[in-house]
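Hello,

Here is the structure you are taking over. My notes on it come after the display.

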Amino acid sequence: MRGMNKFGISLAITGLVLLAGCKDDKQAQTQGQDDSAAGGFPRGKSLYLAGSQWGDPSTFNPLAESWQAAWPVSDRFNLMYEPLINYNSQTGKFEPLLGTLVLSDADSIVVDINPTAKWSDGKPVVSTDVKFIFELGRRFKGAATGFAIEFISGINVDTVEANGAKVERLSFLVDKKGRNNPLVILDLLQAIRIVPSHVFEALLTANKNDLAEVQKLKIDSVPVVSGPYQLDSYSNEKIVIKRRADYWGNASLHQGKLPVPLFVIHPIYKSNDHFAIALQKGDIDASQTFIPRIWLKKKDKVQTWMDQAPYFVSGAMPILLINTTKAPLNSKLFRRAMAAAISYSSIKELAVSGYSPDIQPGLIMASSPLESKYFVAEDAKARGVLFNLDSAKALVAAAGVKSVFKADGTLDYMTDKAGKKLPTLTIKAPAGWSDWEATVTIAVKGLREAGIDVREGFVDAGLYWPALPAGDFDLIMHKPASAVTPSLPWSRFDAVMSSRNWKPIGGGSSMNENQGRYNSPKSKEYNSKVDSLLKVIPITADEVALKAAYAELNRIFMDDQPAIPLCYLPEQFYEFSVAHWTNWPSEKNPYGPAQLPMVSAGTNSLWQLQPVQ
Amino acid sequence: MLKQYPTLRYILQRGVWYFLTFLVAIAINFILPRLGDRNPVDIMMAKASQGLSDEAVKEKRESFEKEFGLIEVTAEGKIIHDANGKTVKVSGFNQFLNYLKMTLSGDLGKSIQKYPKNVSDIIIEAVPWTLALQFPSILLGWIFGNVLGALAAYRRGVFDRVIFPMALFMSSVPFFVFGMVLVYWFAVVLGWFPAMEAYSGALNPSLSLEFIGSMGYHYVLPFFSIFLILAGGQAIGMRSMGIYELGTDYIKYAKWLGLKETKILSYLFRNAMLPQLTGLALSIGSMVGGALITEMIFSYPGLGMAMLTAIGSNDYTVIQGCTLLVTTSVLVANFSVDIMIGFLDPRVKAGMQMGGK
Amino acid sequence: MKLLRNLLKSPMFVIGAVLFFGTILFAIFAPFFIDLKTAMDRVGGQYLEPSGSFWLGTDDLGRDYVKLLLQGLRSSLYVGFLAGVLATTVGTLVGIYGGFKGGIIDDILNMFTNLFIVIPSFVVLILVSASLEQGRSLTIIALLIGATTWPWTARSVRAQASSLKSRDHISLARINGANTLQIIYKHILPYLASYVFMVFIMQVASGILSESAISMIGLGPMDNVSLGVILNQAKNAGALGDGIWWGIFPASIIITVIVFALFLINNSMEGVFNPRLRK
């Protein structure tokens with residue numbers, strides 16, 4: 001037994017050493033970043049927001065490409081770096097932030113820089129900062145905001161007198177010879193966050209003017225920001241930002257009030273089901289992830305914008321994008337047959353937990369207050385296809401495709417006009433995205449019943465993303481123009497139908513819009529109306545003309561059916577818990593949009609939330 | 001030559017064998033993910049090419065291909081173009097040599113999804129958690145299971161009849177199933193313990209009592225989900241060994257001599273231990289595998305979670321790094337047990353051959 | 001026969017065998033009464049509680065869990081058996097050949113066996129599964145599992161075969177001019193049969209466990225439901241948090257019971273072959 005004892009003891013000691021070692025390690029790793037939180041983050045002063053950061057935070061560099069940067073530097077979040085203006089997705093209006101929108105027409109968009117706006121190092125936010133980020137693409141090919149120069153031919157700076165103060169007035173000139181699209185410039189103005197040029201010019205100089213080197217910096221130690229919060233600490237488990245007492249906007253935008261939460265904490269969960277559990281337990285206060293059966297969570301103080309179905313405000317439209325170059329998908333009758341074979345009510349009820357209103361044919365989101373003015377109900381009735389298996393079968397036959405069924409009544413295969421067997425079509429979707437998987441499963445079921453030989457093709461996300469721009473699919477799940485921006489619904493039509501950049505499939509070609517290769521400019525059937533409408537809508541100011549243009553575009557979409565809209569989902573799933581914080585914007589208390597307080601005008605609710613005592 | 005130091009010779013022999021195995025493991029790790037025709041650069045480009053001009057896309061692609069060692073570069077790191085302006089692909093064999101060189105120097109490359117983060121950094125951040133969870137639970141489970149098994153073998157009777165089927169049942173429950181049952185019952189229904197994470201979201205890691213307390217509280221469910229199942233399997237093995245040993249002559253002799261029960265039990269334990277130790281070495285791989293899935297159930301921030309995230313996002317440099325680390329540590333664990341056997345097993349001391357070559 | 005009679009005296013064996021063969025018979029014959037063609041069809045709302053019409057409720061797509069579980073059970077058994085047969089065949093051949101032949105071939109085979117025992121098989125499974133693009137089918141997963149677990153069989157069979165090699169009746173056969181194949185077929189296999197069967201049982205169990213684990217982490221078959229896939233879907237659909245026990249427990253219990261039954265059979269057989277364990 002003595003031998004055994006020694007053995008046991010030595011093992012135990014090894015274990016202790018290892019354990020102690022690992023704690024030291026963790027400590028050292030976070031010490032540099034963290035001094036304020038030795039006693040933890042008091043629950044009553046901390047707001048937990050989740051769902052925007054899934055992986056380990058790798059960089060807080062605002063010049064890094066947006067897919068690399070961590071929350072809240074990524075995406076359109078405006079808590080640390082701010083855009084010139086905010087877009088309120090509820091009212092459709094622009095709200096001032098670093099700047100105020102003065103005028104927007106077909107030639108230019110004019111913004112006054114807020115004279116009180118300051119960086120956290122005390123320097124004022126000036127036109128040089130704005131020009132730096134918007135024109136970075138002219139200096140460096142690899143700039144993440146490089147696409148801005150496709151739309152903006154130049155930025156003129158004037159000084160004007162407003163309310164007795166000197167104000168810098170910026171005119172963003174619409175590039176008439178280029179894309180000629182003021183709508184997208186508005187999108188950019190509310191999406192591109194301004195960075196301190198004095199900081200980054202110095203960094204560029206220090207790195208021999210090599211942007212790629214500057215992009216590799218993490219910028220995670222007391223960065224110079226303009227927003228209401230500053231990076232406090234981060235680890236692979238969470239990112240913490242802390243309120244800036246000297247935020248310029250408190251005085252000029254919020255009547256001198258401070259944002260209520262001292263800390264905003266973004267825990268990093270890796271798995272969808274954890275958000276639901278954390279929200280129910282009050283571990284997080286709001287999340288923007290898909291959580292099924294939200295009504296079961298009411299008892300745990302989890303709420304949404306609306307009390308009952310569809311619970312959320314719609315903003316995004318998942319579609320089934322069709323490769324229109326491949327037989328039999330190149331037949332519009334066949335595509336319409338597919339649209340008639342999918343049970344949209346089943347998708348709504350089962351795949352997305354009833355979070356979608358009943359959808360209408362066409363690409364205009366009929367239930368959205370921002371888009372409904374362009375929706376023409378008579379057109380939808382006359383030309384749109386609704387779920388109806390009999391008409392689907394009739395359309396299949398009309399398209400010259402014959403379905404061959406097995407003895408037991410299930411579909412065997414399809415043949416074309418010449419009687420040749422057609423290969424099975426597949427719907428590509430990323431494996432593991434449970435709501436999309438369910439949607440595809442439901443679609444496949446209906447399609448097969450209607451005699452259309454389609455199967456699920458769930459692939460790893462790593463294969464899904466490259467397949468989309470390459471056109472490497474028969475049918476593919478897609479969410480075009482997924483953010484609610486000023487350019488909707490134009491941006492959705494553009495993303496699905498534009499031939500501006502049309503390239504044939506193969507040879508490494510890639511298209512970031514119209515990935516289904518609809519309406520080839522080289523084909524005999526090319527409908528030039530589509531592209532001319534897409535070009536004219538952004539420069540049309542007259543509402544009547546605009547409505548007519550949208551209506552015509554939508555009619556072409558319904559006739560040609562290059563894609564099949566499946567349901568209307570919110571831009572972000574806005575779910576919140578009232579266990580620790582109350583006074584969230586909601587349908588009954590609509591002082592702000594249905595967005596988490598980190599995006600656009602949603603951020604304003606940070607000044608309105610109330611802690612639960 | 002080392003005839004007079006049989007233990008040392010044995011250890012050296014095993015060491016060489018494990019090193020060869022390690023090389024094979026690296027080769028497997030290199031080849032398997034490359035069976036499919038996917039390419040990390042395609043995956044990165046799908047995200048990175050948005051909004052870039054065609055020329056910028058081409059440049060970006062080449063810089064990624066250079067970064068991942070897929071195309072030839074000059075000694076100064078300039079990308080080589082052929083007469084047609086195309087890049088030159090590195091041959092598979094040279095890629096392997098580079099990979100081998102990098103791996104042996106501890107460089108596991110860069111993550112695809114978390115680019116430009118190093119895979120080794122991701123692993124270093126995750127490993128302490130995995131060690132903290134797995135080491136104690138596997139070790140204690142092993143000890144507890146063996147004591148239970150030895151007792152069952154020695155006592156037999158009712159004790160055995162209760163313990164044995166229970167242990168057998170526990171060992172047939174998959175780790176993740178038991179983990180989910182624990183979460184369902186103790187976290188969701190009763191609400192006694194947290195369902196996930198390694199510490200409270202209101203804390204940053206520190207050496208404060210509060211943090212350590214929170215860590216301990218979050219430790220309970222994942223620990224038991226590994227510990228109990230492991231103990232079950234070990235108890236079964238130990239029971240069989242114990243019963244076998246009980247029938248041997250030396251135990252009969254000891255009983256006949258009238259030695260104390262604890263004394264006999266200690267002999268029994270010691271002799272049954274060796275095969276159990278070997279068993280531990282052999283099965284440590286599958287144990288670690290199962291226990292890694294436990295991390296996924298509890299969202300425990302260790303290696304298993306890192307691997308799951310990587311699998312979900314197809315980050316195969318990270319998957320590779322994790323699998324290599326798991327393989328390596330299993331090899332190290334095996335080797336350590338082999339060394340221990342070298343010191344404990346009288347047959348090795350006597351210079352007899354044993355074990356695989 | 002005597003063996004069987006001995007086995008039947010062991011209550012553990014009887015329980016295990018009844019459970020296991022009951023499950024197999026159920027998996028084979030239940031489809032005559034429960035229409036599996038409609039297993040993937042929606043029958044009601046999302047996660048309906050177990051009731052008279054749906055005994056085990058419905059899943060997140062409103063499918064009848066009874067049918068899904070039956071389908072999953074069949075898939076899991078298929079994987080277990082296919083993996084078990086492959087691992088046992090390869091393992092037995094390698095083990096007998098090496099153990100009986102000895103020499104350099106044995107050394108090489110033995111090195112490979114030990115190599116693959118040490119390299120964790122789930123690592124190989126993950127690496128291969130992650131690199132397979134489409135068509136990660138049940139069969140492929142089963143073959144993968146079998147291809148990574150055969151060394152366990154080879155190892156035990158080799159030990160047995162090499163101990164048989166030096167027995168008298170084999171030397172006698174050799175003197176009588178029997179060739180190696182005949183000796184293996186006539187004199188070694190019969191002795192090993194029950195032994196191989198025991199290892200086979202364990203391989204089936206580990207095949208079922210491996211499949212469920214690999215499906216649980218999202219690398220399961222894409223063409224079919226298995227018990228692991230059912231659990232993975234329930235977990236992803238948030239069944240745990242909503243207390244939807246019928247999404248988690250039935251599949252868990254089925255996996256555990258099959259494996260438990262196999263373990264019981266294996267252990268009681270071990271008891272019979274190793275009389276000291278019996279009492």
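Predicted model: local features only at pLDDT ≥ 70, side-chain atom pairs only at ≥ 80, totals over all residues.

Core

The largest nonpolar core counts 355 residues. Ile185(A), Leu320(A), Ala337(A), Ile427(A) and Leu262(C) are the residues with the most contacts inside this core. For Ile185(A), once the neighbours within four places in sequence are set aside, the contacts are with Ile109(A), Phe151(A), Ile152(A), Phe172(A) and Val174(A).

Chain C with chain B

In this contact, 44 residues of chain C meet 49 residues of chain B. On the side of chain C that touches chain B, at least two residues each come from helix H4 (103–118), helix H5 (121–131), helix H8 (180–216) and helix H10 (245–273) of chain C. H10(C) gives the largest share of that side, with 11 residues. By type, the side of chain C that touches chain B has 28 nonpolar, 11 polar and five charged residues.

Chain A with chain C

Here 20 residues of chain A and 16 residues of chain C take part. Two or more residues of the side of chain A that touches chain C are given by each of helix H8 (272–280), helix H10 (344–351), helix H13 (434–449) and strand E19 (454–459) of chain A. The largest share of this side is that of H8(A), at five residues. The side of chain A that touches chain C is made up of 11 nonpolar, seven polar and two charged residues.

Regards

Definitions and conventions: Residues numbered from 1 in each chain as written. Chains lettered and ligands numbered in written order. Core = buried A, V, L, I, M, F, W, Y, C linked by C-beta atoms within 7 Å. Buried ≥ 20, exposed ≤ 12 C-beta atoms within 10 Å, placed from the backbone. Contact = placed C-beta atoms within 7 Å. Helix = DSSP H or I, 4+ residues; strand = E, 2+ residues; numbered from the N terminus. Nonpolar A, V, L, I, M, F, W, Y, C, P; charged D, E, K, R; others polar.
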